[in-house]
Amino acid sequence: MKVWPGRGSRFVTKDGKIHMFIGSKVRCLFHQRVKPVKLTWTQTWRRENKKGRVETIKKRRVRKVGKIQKAYVGATLDDIKRTREEKPELRQAKREQAIREIKDRQKKQQAQHQKFEKQPKQAAPKVIKTKGKRKGPS
């Protein structure tokens with residue numbers, strides 16, 4: 001509620017804030033530290049509890065975002081579309097062939113490692129340690 005010029009009383013707090021009161025009821029409740037939100041006859045309570053609002057707020061429509069395909073490292077958008085359009089049997093055959101190639105490569109590597117493991121290692125010559133006399137402090 002607005003306090004018109006020539007009406008109400010003014011109160012200045014220690015920090016310099018100016019409070020205007022329309023009547024003694026409001027002034028007394030302020031000094032008692034009663035919050036205006038708790039009093040049903042105040043504007044703040046009405047605002048907080050959504051009273052007296054004639055206008056209804058329309059909900060904003062949210063646009064649905066369409067799905068977009070993006071290319072990523074190692075595959076262009078054309079490659080991705082091409083693989084999608086392929087028949088599942090063809091895709092399965094390609095996958096099996098790739099797995100076979102990988103297994104063949106691994107077998108070759110194992111055979112290579114076994115060649116090196118089969119070669120006998122030469123034993124290092126034994127070193128005989130002899131105990132020598134230490135010289136003490138002189």
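**Chain totals**

I looked up burial first: of the 138 residues in the protein chain, 6% are buried. Buried here means under 20% relative accessible area, exposed means over 50%, and partly exposed lies in between (1.4 Å probe, protein chains only). The model is predicted, so I note that local features need pLDDT of at least 70 and side-chain atom pairs count only at pLDDT 80 or more, while totals for chains, interfaces and linings use all residues. Residues are numbered from 1 along each chain as its sequence is written, and side-chain values use heavy atoms, with hydrogens and water left out.

The accessible surface of the protein chain is about 15400 Å², and 53% of that belongs to carbon and sulfur atoms. Accessible areas come from the Shrake-Rupley method with a 1.4 Å probe; for residues, only the protein chains shown count as cover. I also checked contacts (heavy atoms within 4.5 Å). Of the contacts in the protein chain with a separation of 6 or more, 2% are between residues 24 or more positions apart.

**Secondary structure**

I find four helices and two strands in the protein chain, in the order β-β-α-α-α-α along the sequence. Helices (H or I, at least four residues) and strands (E, at least two) are DSSP runs, numbered from the N terminus.

**Hairpin and patch**

Strand β1 runs antiparallel to strand β2 (residues 18-21), and four bridges join them. Two strands pair if DSSP finds at least two bridges between them. The hairpin of β1 and β2 has five residues between the strands, and Gly 16 there takes a positive phi near 95°.

Val 12 is in β1, residues 9-12, and its bridge partner in β2 is Ile 18. I then found Val 12 and Ile 18 again, together with Met 20, in a nonpolar surface patch of about 280 Å². Patches take residues with over 30% relative accessible area and no salt bridge; like charges are joined within 9 Å, nonpolar side chains (Val, Leu, Ile, Met, Phe, Trp, Tyr) within 5 Å. Val 12 counts as partly exposed because its relative accessibility is 48%.

Gly 8 sits in the segment before β1. Its C-alpha atom is 6.8 Å from that of Met 20, twelve residues away along the chain. Leaving aside neighbours within four places in sequence, I list Val 3, Phe 21 and Ile 22 as contacts of Gly 8.

**Salt bridges**

I searched the whole structure and got two salt bridges, each defined as a side-chain nitrogen of Lys or Arg within 4 Å of a carboxyl oxygen of Asp or Glu.

Arg 82 and Asp 79 meet at 3.0 Å, N to O. These residues are about one helical turn apart, because they are three residues apart in helix α3 (residues 77-85). Asp 79 is partly exposed at 30% relative accessibility.

Lys 94 bridges to Glu 86, with the closest N and O atoms 2.9 Å apart. Lys 94 is partly exposed at 45%, whereas Glu 86 is buried at 17%.

**Positive phi outside glycine**

I noted Arg 33, with phi near 60°, in the loop between α1 (24-31) and α2 (43-48). Arg 33 is exposed at 76% relative accessibility. Lys 50 has phi near 55° and lies in the loop between α2 and α3. Lys 50 is exposed, with a relative accessible area of 68%.
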